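Please read it alongside the sequence and the coordinates.

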Amino acid sequence: MSSRSSVQILGGIYFRSEGGSVEVAATDMELAVRATLDAEVAGEGAVVVPGRVLLDIVRVLPPGEVAFSQVAGESTLSILCGSASYKVHLYDASDFPELPSPEGAELFDI
């Protein structure tokens, strides 16, 4: 995610839930990172969370399972972990740039 861009959406992290997985992506328009994670998914949808805010929250979460939830039509995300509870305002996922497909991208093993 970009911390210096004048384009606000590039400072966000894209989450898309579908089936039993969540796709997570970030880009600064020069470099893109994308991962698919197995997850317990109750519904499908996409959101973009401000990256700096999410990072600050994740740093202070207690150990344990983390639950993300969003009510359709609302622009906030709830983050729950143990006794910790946060609400974060979201960016519009339709504003996030389309990333290149893995077939056309240079891939690295980490």
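1. Basis. The model is predicted; local features require a pLDDT of at least 70 and side-chain atom pairs count only at pLDDT 80 or more, whereas totals for chains, interfaces and linings use all residues. Residues are numbered from 1 along each chain as its sequence is written, and side-chain values use heavy atoms, with hydrogens and water left out.

2. Overall fold. The chain contains 1 helix and 7 strands, and from the N terminus their order is β-β-β-β-α-β-β-β. These elements are DSSP runs numbered from the N terminus, with helices being H or I of at least four residues and strands E of at least two. Of the 110 residues, 32% count as buried; here buried means under 20% relative accessible area, exposed over 50%, and partly exposed in between, with a 1.4 Å probe and protein chains only. Among the contacts with a separation of 6 or more, 47% are between residues 24 or more positions apart, a contact being heavy atoms within 4.5 Å.

3. The four-stranded sheet. An open sheet of 4 strands has the order β3-β2-β1-β4 and antiparallel pairing, where two strands pair if DSSP finds at least two bridges between them. β3 and β4 are the edge strands, each pairing on one side only. Neighbouring strands are turned by 20° against each other on average, direction ignored; axes are lines fitted to C-alpha atoms, for helices over the stretch in contact, and angles run from 0 to 180 degrees between N-to-C directions. β2 and β3 pair over 7 bridges in the antiparallel sense, and alanine 25 stands opposite arginine 34 in β3. Helix α1 packs on this sheet, touching β1 and β4, and its direction makes about 80° with that of β4.

4. The three-stranded sheet. The other open sheet has 3 strands in the order β5-β6-β7, with antiparallel pairing. Its edge strands are β5 and β7 (84-89), each of which pairs on one side only. Helix α1 (residues 51-60) packs on this sheet as well, touching β5, β6 and β7, with its direction at about 175° to that of β7.

5. β5 and β6 (residues 76-81) pair over 3 bridges in the antiparallel sense; phenylalanine 68 has isoleucine 79 as its bridge partner in β6, and alanine 67 has leucine 80. The β5-β6 hairpin has 6 residues between its strands, and glycine 73 in the turn has a positive phi of about 90°. β6 and β7 pair over 6 bridges, with serine 78 opposite lysine 87 in β7. Their hairpin has 2 residues between the strands, and glycine 82 in that turn has a positive phi of about 60°. β6 is largely enclosed by the rest of the structure because 5 of its 6 residues are buried.

6. Valine 24. Leaving aside residues up to four places away in sequence, valine 24 touches Ile13, Tyr14, Phe15, Val33, Arg34, Ala35 and Leu37.

7. Two loop residues. Methionine 29 is in the loop between β2 and β3 and has a positive phi of about 75° although it is not a glycine. Most residues other than glycine have a negative phi. Methionine 29 counts as exposed, at 54% relative accessibility. Glycine 43 is in the loop between β3 and β4 and counts as partly exposed at 36% relative accessibility.

8. The largest pocket. Its volume is about 800 Å³. A pocket is an open set of points on a 1 Å grid over the protein atoms alone where a 1.4 Å probe fits, with protein on both sides within 12 Å along at least five of seven lines; lining residues have an atom within 4 Å of a point. Grid points are joined across faces, edges and corners, and the volume is the space filled by probe spheres set on the points. Of the 25 lining residues, Ser17, Val22, Glu40, Phe68 and Ser69 are the closest to the centre. β1 contributes the most to the lining, with 4 residues.
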